[in-house]
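Trainee: I'd like to learn how to read a structure I've never seen before. Could you walk me through one?

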Amino acid sequence: MKPVSRSNAPARRQRGITLFGLLFWAVVVGALALLVMKLIPPINEYRTIQTMVNSVAQSGANTVPEVRAAFEQRRVIEYGVESITAKDLEITKDNDKIVINFAYDKEIELIDPVFLVIKFKGHSR
């Protein structure tokens, strides 16, 4: 039998990820994770404000001062609602039904000096 030398054997292609590829994907996944972690609190705050506005609109308050007072009461109780106050609400009546509109901007610092600005707006149902 003739021994097989490695130089005559067919070259096999290596498989796997390179260090450069691993670092690239680590940076991409890290940046996305940072973005998601920075976006969750403002989105939660918006959903809380939307819930508060809906409950105030259905609470039976009939005048603008009553609606503002009811919203301010809920805002004091709710944890984390800092972007909007009762003064920022636009209150109207539509067919004897209270309609509350709101809009605000939220600035999120990603990496100094880079900011993300989100414009939130909503209304009562």
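Trainee: Let's begin with Asn95: is Asn95 buried or exposed?

Mentor: Asn95 counts as exposed, because its relative accessibility is 73% and the cut-off for exposed is over 50%. Keep in mind that this is a predicted model. As for where to find Asn95, look in the loop between β1 (90–94) and β2.

Trainee: What is the phi of Asn95?

Mentor: Asn95 has a positive phi of about 55 degrees, although it is not a glycine. Asp96 is also in the loop between β1 and β2. Asp96 has a positive phi too, about 60 degrees, and is not a glycine either. With a relative accessibility of 76%, Asp96 counts as exposed.

Trainee: How do β1 and β2 run, and how many bridges join them?

Mentor: They run antiparallel, with five bridges between them. Together β1 and β2 make a hairpin with two residues between the strands.

Trainee: And how many bridges join β2 to β3?

Mentor: Ten, and these two strands are antiparallel as well. Here you can pick out Lys106, whose bridge partner in β3 is Ile118. Again there's a hairpin, joining β2 to β3 through two residues.

Trainee: Which residues does the cis peptide bond join?

Mentor: Asp112 and Pro113, with an omega of about 10 degrees. You'll find Pro113 in the loop between β2 (97–111) and β3 (114–123).

Trainee: Now the helices. How far does α1 reach from its first C-alpha to its last?

Mentor: A handy idea to start with: an α-helix has 3.6 residues a turn, so residues three or four places apart point the same way. In this model, α1 has 39 residues and reaches 57 Å, close to the 57 Å expected at 1.5 Å a residue.

Trainee: Where does the kink in α1 lie?

Mentor: Go to Ile40, shortly before the proline Pro41: the kink there is about 25 degrees.

Trainee: Which residues of α1 are buried?

Mentor: The list includes Gly21, Pro42, Glu45, Ile49, Gln50, Val53, Asn54 and Ala57. Among the elements that cover the buried residues of α1 are α2, β2 and β3.

Trainee: Which residues have the most contacts inside the largest nonpolar core?

Mentor: The general idea is that in soluble globular proteins, nonpolar side chains tend to be buried together. Here the largest nonpolar core has 21 residues, and Phe71, Ile84, Leu89 and Ile100 have the most contacts inside it. The elements giving two or more residues to this core are α1 (19–57), α2 (64–77), β2 and β3.

Trainee: What does Ile84 touch?

Mentor: Leaving out residues up to four places away in sequence, Ile84 touches Ile49, Phe71, Arg75, Leu89, Phe102 and Tyr104. You've met Ile49 already, as one of the buried residues of α1.

Trainee: One last stop: is Ser124 buried or exposed?

Mentor: Ser124 counts as buried, because its relative accessibility is 5% and buried means under 20%. Ser124 sits in the segment after β3.

Trainee: Which residues does Ser124 touch?

Mentor: Again leaving out residues up to four places away in sequence, Ser124 touches Gln50, Val53, Asn54, Ala57, Ile98, Val99 and Ile100.

Notes. Residues are numbered from 1 along each chain as its sequence is written. This is a predicted model: local features need pLDDT of at least 70, side-chain atom pairs count only at pLDDT 80 or more; totals for chains, interfaces and linings use all residues. Side-chain values use heavy atoms; hydrogens and water are left out. Helices (H or I, at least four residues) and strands (E, at least two) are DSSP runs, numbered from the N terminus. Buried means under 20% relative accessible area, exposed over 50%, partly exposed in between (1.4 Å probe, protein chains only). Two strands pair if DSSP finds at least two bridges between them. A nonpolar core is a set of buried Ala, Val, Leu, Ile, Met, Phe, Trp, Tyr and Cys residues joined through side-chain atoms within 4.5 Å. Contact means heavy atoms within 4.5 Å. The expected span of a helix is 1.5 Å times one less than its number of residues. The bend at a residue is the angle between axes fitted to the seven residues ending there and the seven starting there.
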